[in-house]
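I set out to record what can be read from this structure. The entries below follow the order in which I looked things up.

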Amino acid sequence: MTFAVGSLEASLLEQGAVSPEALDKAREKQRDGKSLGEVLQEMGAIDSTTWARAVAEYFGLPFNERLPEDGDILPLINTLPINFAKRCQLLPVAQDAEAVLVATADPANVGPLDDLRLLLRKPIRVMVAPGPVIIDAINRVYDLASGSASELMDGLDEERLDLIATDLDEPRDLLESDDEAPIIRLVNSLLFQAAKDRASDIHIETFERALTVRFRIDGILYDILSPPKRFQPVIISRVKIMAGLNIAEKRLPQDGRIRIRLAGKDIDIRVSIVPTAFGERVVMRLLDKATTVLHLEELGLLGAKHEMVSRLIKQSHGIILVTGPTGSGKTTTLYAALSKINTTDKNIITIEDPIEYQLHGVGQIQVNPKIELTFASGLRSILRQDPDVIMVGEIRDLETAEIAIQAALTGHLVFSTLHTNDSFGAMTRLLDMGIEPFLVSSSVIAVMAQRLVRRVCIACRESYQPSREEMEELGIAPQRLIGRTIFKPGEGCPQCKRTGYRGRTGIHELLVVDDEIRALVMKNADAATIRRAATARGMNTLREDGADKVVEGVTTIEEVLRVTQEDLV
């Protein structure tokens, strides 16, 4: 096939952006109104950035691989429907007194640009950017413009809310509500704000004369909203409908799931509703399905400890346990370990409750007690699947523990979790379950305890000199602070939502089961004895690892003391 001189196709060939064979195939495949660029990208013949750069050069327009973030464009997008912006892949990115700068992925499609010029009532200047970059920017900008739940609460029409609250004695009336109903917008706004604030949980708590909405952010609950008590049944009914639950049943606990798409991200929300003395209480756990599995070093494992864990997870057999309370990141650590050893020559199977992240190339089984698919029964079936590596979400009972140990003794590498306060207590917990000491000592190769501490906000943190009492409590010698800076939370800023902290990292203690530890386990030694033996040889405890993070400026003394207070002997 020949291409006209001066055409876009000819320009692509001149620039070497695409081969003639790919252009011929793309022309043959063009259908359903798709552009040449879309077909070439679907074929894998060209990536979005190369295509956008070539198009910009052909039309003589400026190209930018990243969109500028300066300029107040919120007033502009208030008049621009998000569906139109995404469908046409265009977005206003800046404005001045003369014109509006618009980013587009397809400057040849002049119709939407003309529509936008009429909509904004200003001349426009065009720049070219890759389509995915524009879509990502649209998601971020419209998410920012969505407002907060408290702002929506302030603007709700009291009269209309009263009407809905009165009419909602029958479930049918809520089902007939349209998407403009204030309660629907309020619940949607709560979900928007929770995702925007990086909340892991939404709590809707009912009291005698009050209704409170709280978000858990970085492990701490914050009050967000206090809607009037009379809206309680309406809000909870709306959540039930979204989760596919029975809105007429108010006496029994119910569990459900909501799947939403928010700012281009798939969010999986697990809903738990329990009856209390003053009405039903709701907890929603948000899981971002697009979240990538972290690497071990991103979890706070650094230096010698990281090297040791990396060696342990490459063993051919044995049990590696991760311990800590609920919400301490145990499963995330196991996912990071599996991701590191996940290669095509290994058969990795997990049994979990629930499956929090999807791991490519790993067989993941969801526990379902209703059909008698428990950790123990699932683990038995996994052993018939010729696995190399097995992950058991949690060892809860003797049966599961026995099967996991037998799997480790027969040449499998087993990862699992236990609910103990420290690494030393894991060995005695297995013995207390009824496992024979010789089985524990010969199968468990390492135990890692962990906690999550909040990172001090880099934007507003303040340096200070800790008192001698603080340093002694955390075990920091004065000479360690030479040339170092200790931080405390500042007054707060928009980046950290005025909390002084943003994000979390892990603190860890790693107990490697060597000959000395095995001998103590064989003697049924208690956790304190194992602790003394391990620390005498230089093993870092949770608090000592936390002190290292304080000295490095990652977290604060208060945070480490908060999460390790229960571990003091």
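Helices (H or I, at least four residues) and strands (E, at least two) are taken as DSSP runs, numbered from the N terminus. The model is predicted, so local features need pLDDT of at least 70 and side-chain atom pairs count only at pLDDT 80 or more, while totals for chains, interfaces and linings use all residues. Residues are numbered from 1 along each chain as its sequence is written, and side-chain values use heavy atoms, with hydrogens and water left out.

I then asked how many residues of helix 23 are buried. Eight of the ten residues in helix 23 (residues 542-551) are buried, so this helix is largely enclosed by the rest of the structure. Buried means under 20% relative accessible area, exposed over 50%, and partly exposed in between (1.4 Å probe, protein chains only). The buried residues include Leu542, Arg543, Asp545 and Lys549. I found that the buried residues of helix 23 pack against helix 14 (303-312), strand 15, helix 20 (468-474), strand 18 and helix 24.

I noted an open sheet of seven strands with mixed pairing, in the order 12-11-13-14-10-15-18. Two strands pair if DSSP finds at least two bridges between them. Strand 12 (363-366) and strand 18 (501-512) are the edge strands, each pairing on one side only. Neighbouring strands of this sheet are turned by 20 degrees against each other on average, direction ignored. Axes are lines fitted to C-alpha atoms, for helices over the stretch in contact, and angles run from 0 to 180 degrees between N-to-C directions.

Strand 10 (residues 318-323) and strand 14 (residues 413-418) run parallel and are joined by six bridges. Thr323 has Leu418 in strand 14 as its bridge partner. Helix 17 (residues 398-409) packs on the sheet, where it touches strand 10, strand 13 (389-392) and strand 14, and its direction makes about 135 degrees with that of strand 10. Helix 24 (residues 557-564) also packs on the sheet, touching strand 15 (444-456) and strand 18; its direction makes about 135 degrees with that of strand 15. Contact means heavy atoms within 4.5 Å.

I next looked up Ser441, which lies in helix 19 (residues 437-443). Is Ser441 buried or exposed? Ser441 is buried, with a relative accessible area of 6%. Leaving aside neighbours within four places in sequence, I found Ser441 in contact with Val513, Arg518, Val521 and Met522.

For helix 12 I compared the length with expectation. The expected span of a helix is 1.5 Å times one less than its number of residues. The 15 residues of helix 12 (residues 182-196) should span 21 Å, and the end C-alpha atoms are 21 Å apart, which agrees. Helix 12 is followed by Arg198, whose phi is positive, near 65 degrees.

Cys496 is buried, with a relative accessible area of 1%.
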